[in-house]
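Subject: Structure for your review

Hello,

Here is the structure we spoke of handing over. My notes on it follow below the entry.

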Amino acid sequence: MVMLGTGHAHVTKCYNTCFALIDKGEVFLTDAGGGNGILTRLETAGIRIADIRHLFVSHTHTDHILGAVWVVRLYLAGCLEQGFTGRMTVSGNQEVIRVLKWLCRTLIQSAYSDLIARHIIFKELAEDDVLQILGRRVRFFDIHGTTAAQYGFEMEYAAGKRFVFAGDEPYRPSGKRFLDGAEWAVLEATVPYESDENSHGHATIRSSCEDAERAGVKHLILTHTEDRDINNRKMLYEKEAARFFPGEVYVPDDLDVFEIC
Ligand SMILES: [Zn+2]
């Protein structure tokens, strides 16, 4: 797993939260951040656009969906100019697919967008849909977001071991059956401390740690964080998190790599 971005929507010192799961050279990208910066992150991480087999977009907010337009554009450019012959699946809930289809057809020049039908599979997800991605079962679920319809997923990456991504809003009891017993979980901690009044409905380090602890998560990744003190963010957040989560907890910087096993 490569964390391509780790910030919330308004960050300037890192990229917006998105990550790639990679196996045998194939890439499953989750969210794409807010713009063209996704291309820099992919290049720095050594990820080729041609190897992206699946792009899942969790919800329609700018910091998650706009980078997807760039990924689709570059993929189509590769089809036209570099002979890519494959197809990339782009998945999301009904609203994500409606918006993304419109954005791609409206914003991408026709030389490329005319190739969408041949090279891009838009897959509209419903609750509990299961897809095979990277040769593994991935089940999608509605996190019941309050600001936009939002989905997360669980991937069974090895027998009995699950990786869970629960979006950028606080974990809700409806997601319990997914988070319970997860080996790895990616939760948000947009707001570092309990006293912050600007939470806008986001989780804190403490609330996400307590949710993960109750669910018996083994490895917790906290992301969608702020960048006010980015040089010390990892140290400060991990110290705070250790007070509330007894397992392994990580607050990654952009481009940090995790071995999911
Ligand atoms: Zn966000």
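A nonpolar core, as the term is used here, is a set of buried Ala, Val, Leu, Ile, Met, Phe, Trp, Tyr and Cys residues joined through C-beta atoms within 7 Å. Please keep in mind that this is a predicted model.

Core

The largest nonpolar core has 76 residues. Those with the most contacts inside it are L55, A68, V71, A185, L187, L220 and L222. Helix α2, residues 62-81, gives the most to this core, contributing nine residues. In soluble globular proteins, nonpolar side chains tend to be buried together.

Leaving aside neighbours within four places in sequence, L55 is in contact with L29, A32, A68, V71, M88 and V90.

Helix α2

The length of α2 can be checked against a simple rule. At 1.5 Å a residue, counted over one less than the number of residues, the 20 residues of α2 should span 28 Å, and the end C-alpha atoms are 29 Å apart, so the two values agree. After α2 comes G83, which has a positive phi, near 75°.

Sheet

The chain has eight helices and 13 strands. Seven strands make up an open sheet with mixed pairing, in the order β7-β8-β9-β10-β11-β12-β13. At its edges are β7 (130-133) and β13 (248-250), each of which pairs on one side only. From one strand to the next, the twist averages 25°.

Within this order, β9 (residues 151-158) and β10 (residues 161-165) pair in the antiparallel sense over five bridges.

Helix α7 (residues 205-215) lies across β11 (184-188), β12 (219-223) and β13, and runs at about 150° to β11.

Whole chain

Buried residues make up 48% of the 261 residues. Of the contacts in the chain with a separation of 6 or more, 61% are between residues 24 or more positions apart.

Regards

Definitions and conventions. Residues numbered from 1 in each chain as written. Predicted model: local features only at pLDDT ≥ 70, side-chain atom pairs only at ≥ 80, totals over all residues. Buried ≥ 20, exposed ≤ 12 C-beta atoms within 10 Å, placed from the backbone. Helix = DSSP H or I, 4+ residues; strand = E, 2+ residues; numbered from the N terminus. Contact = placed C-beta atoms within 7 Å. Pairing = 2+ DSSP bridges. Axes fitted to C-alpha atoms, helices over the stretch in contact; angles between N-to-C directions.
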